[in-house]
Amino acid sequence: MSTLTVNDAIGQALAEEMRRDARVMMFGEGVATKRADLVAEFGRERIRNTPLAEGVIAGTAAGAAAMGLRPVVDLLFAPFLTLAMDGIVNSAGKLRYLSGGQFQFPMVVMTMTGAGWGVGAQHNHNLEAMFVHAPGLKVVMPSNAADFKGLLKSAIRDDNPVLFFTDLALGFNPGEVPEGEHLVPLGQAAVVRAGSDVTLVSYAKTVDTCRQAAEALALLGVSAEVIDLRTLKPLDSATILRSVRKTGRLIVVHEASGLCGVGAEVAALVSEQAFDALKAPVKRITGPDAPSPASWPLEQAGVPQADAVRDAALRLLGAEALD
């Protein structure tokens with residue numbers, strides 16, 4: 001194991017996959033500048049800067065993937081994905097099906113999302129649920145450095161297009177990362193803390209929020225199980241249902257707004273398949289349905305906090321919320 005930041009874990013995964021497979025290449029907005037070490041090792045044929053033209057980048061990636069390459073593209077900020085919807089959703093997402101399997105689209109689209117830098121509404125918008133709803137796409141949103149490495153390597157090897165979201169606030173977070181070959185399967189959630197009284201389901205930076213809430217609840221005699229989804233599509237339904245059938249209570253926490261979000265899907269899943277196990281209504285704690293402010297304090301006011309998760313759990317258990 002070595003200690004790496006999330007950004008360094010991403011770089012390590014890219015380097016290992018480019019050494020392993022000569023078909024892997026990377027291009028996008030500023031990638032040759034950000035990844036100068038990769039340029040030095042693999043050359044400018046495989047690591048390329050592009051113009052600020054997201055639709056062109058995504059369309060080029062889809063074409064490269066169809067012709068046998070395994071492109072990784074970086075579109076910087078999640079709102080810029082809206083400029084690349086045709087290449088991602090209509091081409092990469094659908095053409096494997098429409099071609100009867102004659103073409104594969106092994107491409108990874110990387111982008112940053114989430115609060116933490118005060119970059120404003122046109123650079124910060126949590127759009128992951130939009131792509132979960134698009135057929136043919138897989139969606140990944142890790143919470144720690146080891147998973148960033150293992151999931152990115154798995155995404156690059158997958159024969160389907162993968163949206164890979166990096167929460168801005170996690171980029172410089174350090175963590176222990178296995179050296180060498182380390183793969184995390186797509187579609188497999190992680191139980192990061194076992195518990196018996198309430199299940200907390202989350203992904204990206206709010207996994208740590210849930211972990212903090214679980215620690216606070218433990219001091220009050222409440223045992224909370226924390227699940228990190230890691231992959232939003234495919235969704236690990238089995239792990240969620242197994243936990244809720246044990247605890248009988250569920251809180252889903254994410255920074256994106258609640259309407260038609262991932263939390264809504266998890267709540268529906270549990271209501272349909274584990275209703276008899278529920279001892280209380282399912283609770284969602286999410287961000288607001290509003291553009292993100294550029295002010296850091298205002299931005300943070302919209303991000304779910306550990307105290308809110310703790311108090312929601314106490315209410316589900318019939319206890320009074322703490323002051």
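**Close-up 1. Cys260, an exposed loop residue.** At 66% relative accessibility, Cys260 counts as exposed, a term for residues over 50% relative accessible area, with buried meaning under 20% and partly exposed lying in between (1.4 Å probe, protein chains only). Cys260 sits in the loop that links strand S13 (250-257) to helix H11 (262-273). Its phi is near 60°, a positive value in a residue other than glycine. Helices (H or I, at least four residues) and strands (E, at least two) are DSSP runs, numbered from the N terminus. This is a predicted model, in which local features need pLDDT of at least 70, side-chain atom pairs count only at pLDDT 80 or more, and totals for chains, interfaces and linings use all residues. Residues are numbered from 1 along each chain as its sequence is written, and side-chain values use heavy atoms, with hydrogens and water left out.

**Close-up 2. Leu76, a buried strand residue.** Here we turn to strand S4 (residues 70-77), where Leu76 has its place. Leu76 has a phi near 65°, a positive value in a residue other than glycine. With a relative accessible area of 18%, Leu76 is buried.

Close-up 3. The bond to look for runs from Lys233 to Pro234 and is cis, with omega near 0°. Pro234 itself is found in the loop between strand S12 (231-233) and helix H10 (237-247).

**Close-up 4. Helices H10 and H11 crossing.** The axes of H10 and H11 come within 10 Å and cross at roughly 60°. That angle makes H10 oblique to H11, since angles under 35 degrees count as roughly parallel, over 145 as roughly antiparallel, 65 to 115 as roughly perpendicular and the rest as oblique. Axes are lines fitted to C-alpha atoms, for helices over the stretch in contact, with angles running from 0 to 180 degrees between N-to-C directions. The crossing of H10 and H11 is right-handed, meaning that the near helix is turned clockwise from the far one by less than a right angle.

**Close-up 5. The largest cavity and its lining.** About 40 Å³ of space lies in the largest cavity. On a 1 Å grid over the protein atoms alone, a cavity is a set of points where a 1.4 Å probe fits but cannot get out, and lining residues have an atom within 4 Å of a point. Among the lining residues are Asn126, Asp167, Tyr203 and His254. Strand S13 gives the most to this lining, with three residues.

Key: 1 Å grid on protein atoms, 1.4 Å probe; cavity = no way out; pocket = protein on both sides within 12 Å on 5 of 7 lines; lining within 4 Å. Points joined across faces, edges and corners; volume = space filled by probe spheres on them.
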